[in-house]
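Student: I am new to this structure, and I would like a careful, close look at one part of it, the contacts between its side chains. Please take me through them slowly.

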Amino acid sequence: DAMEGRRRRTETSISIRKNKKDEGIAKRRAMTTTPPRSAIPTAMNNDGTIMSDGTSVHVVEPKAIYTVDDIPSLKARLSEPNINDTNLLEIVRGFRKMLSVEHNPPVDEVLGSGVLPIFVQMLQLNDKPQVQFEAAWALTNIASTDQTKAIVDAGAVPYFAQLLSSPSAEVREQCAWCLGNIAGDSPALRDIVLSSGAMQPLLHNIVQPDNNSLFGNCVWACSNFCRGKPVPNLSHVAPAVPVLAQILKGENTEAKQDALWALSYISDGNDDNIQAVIDTGIIGVIIELLGVESSIVTPALRTVGNIVSGNDVQTQAIIDAGLMSQMQRLLHHPKGMVRKEACWVLSNIAAGTHQQIGAVIRAKGCMQRVTEMASTSEWEVRKEAIWVVSNIATGGTDKQIMSVIEAGAIDAVCSILSVNDTKMLLVALDAVDCILKLGMKLNKDYVSFVDECDGLTMIETLQEHESEEVYQKAITLIETYFGAEDGEDDENLAPDVNGGTFSFGIPQKNIDEVECPANAGHSNAQPFTTYNFAS
């Protein structure tokens, strides 16, 4: 069954998810002392405020520099009745600046002061966008630490979701940033964000952004809304798919990278998730992006790999969109992670129909490169390459199996027989079994090829393997393709006396009755018989 041969991302997700350098960070901190600025110049008032949709947000920094020692007095000032707007803004900025330092921000001290609920209350001051902005910034930096859940428990998420529709672009951006940090913390907190209804207003800011900075941060936040295992409910993230697809047609490289990561997370689910991505009509663009020499390649390849782990129709859609033309270059990519995922993609295609296996074999230079990597690349790449070979050997037609043998499959699978990895040993042994079975069927001496690669020696060694399954497969291979025929005498046994002669070897009767595998493919080979010496 092709679907049984497919290996979902589950097998490799643990190692892949550890590669945070490629994938990007789940959280971002605003460590600067000024708000994020747009790449497009923003109009300024004479009093040092930013004009944003008719709403002014002050960016003037407080003159006082506050430290951890000032936290109790700042908290006390916040508790004063009838605190004026100037003092309120100064205090929340003081907290925000403390939380924006690069090293060891005093998050625990700030939370310990009991000021968190007050910050959340500040988010509700719709007539004071400057205060909302500073409070959101302070909360964003708390959310970038391991104290993210405290913000959720304080009830901030619904207010952040509402403020994604604030008249102030700066407030909207800061709230998107904080929600992105919260969603990136864990699947549980991500689902709370999605349940708040934040996705739709976030997408509105992507489709109609006020500036480049807002656009970029919202796309990044959207990727975190889609991130994590188990994958979010498709109904929550489906509205994002066409928006993300449209981003891939733009010129913003960083946004395209974040959009591709989001699509890779969404497609890392069931066939419905995969189909949602295919239905955008964007897979041709994704395949084109595989040819770009940049950080875009990794999430593009991840998305393609997830799609080909779907059903046969979905896999064929990727092939028809031109994937195979990109594979040889990806198999020679300087980054091992890209080569590994390229092999993973091919292995899932090779677990499909005979037509799809044929597409892998016909791809110029692919199988030669795969068998080469199966023997010589770093281990993580070798494993994926062996899956390609094994899936073809166990699921291909006779001609397709012969093609991979000609490309070096026997050397490749035998090179795996000495490794200390039970799963991969079983994969390689299955491939050897299918290859030798084909040799017997077609009267080809693949047995000798395996022996010449030291395959027989390694299979004999596997009879001592700790895994019962490996042991049984090794025994079966030896008995089926390399073992002694019935009636063969052990070479260490004394010769039998038969009449006046000593007899060695196998009785001719047994040779006539049972075809010896060692003679397969050799019609002129010397038959086994007895040798009689006069006593």
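Tutor: Tryptophan 261 and tyrosine 265 are both buried (under 20% relative accessible area, with exposed over 50% and partly exposed in between, for a 1.4 Å probe and protein chains only). The model is predicted, so local features need pLDDT of at least 70 and side-chain atom pairs count only at pLDDT 80 or more, while totals for chains, interfaces and linings use all residues. Residues are numbered from 1 along each chain as its sequence is written, and side-chain values use heavy atoms, with hydrogens and water left out.

Tryptophan 261 and tyrosine 265 both belong to helix H17 (residues 253–267), 4 residues apart, about one turn of the helix; helices are DSSP runs of H or I with at least four residues, numbered from the N terminus. The structure holds 4 aromatic pairs (ring centres of Phe, Tyr or the six-membered ring of Trp within 6.5 Å; planes under 30 degrees apart are stacked, over 60 edge-to-face, the rest tilted). One of them joins phenylalanine 133 and tryptophan 137 edge-to-face, at 5.6 Å centre to centre and with 65° between the planes. These two residues lie in helix H8 (residues 129–143), again 4 residues apart, about one turn of the helix, and both are buried. Tryptophan 261 and tyrosine 265, by contrast, form a stacked pair, 6.2 Å centre to centre with 20° between the planes.

Tryptophan 137 has a further neighbour, since arginine 96 lies over the face of its ring, at 3.9 Å from the ring centre (CZ of Arg or NZ of Lys within 6 Å of the centre and within 35 degrees of the ring normal).

Turning to charged pairs, the structure holds 16 salt bridges (a side-chain nitrogen of Lys or Arg within 4 Å of a carboxyl oxygen of Asp or Glu). Among them is the bridge between arginine 302 and glutamate 341, whose closest N and O atoms are 2.8 Å apart. This pair links distant parts of the chain, with arginine 302 in helix H20 (residues 297–308) and glutamate 341 in helix H23 (residues 336–350), 39 residues apart. Arginine 302 counts as buried because its relative accessibility is 3%, and glutamate 341 counts as buried because its relative accessibility is also 3%.

Glutamate 378 bridges to arginine 339, the closest N and O atoms being 2.6 Å apart. Glutamate 378 sits in the loop between helix H25 (366–376) and helix H26 (379–395), and arginine 339 in helix H23, so the pair ties together parts 39 residues apart in sequence.
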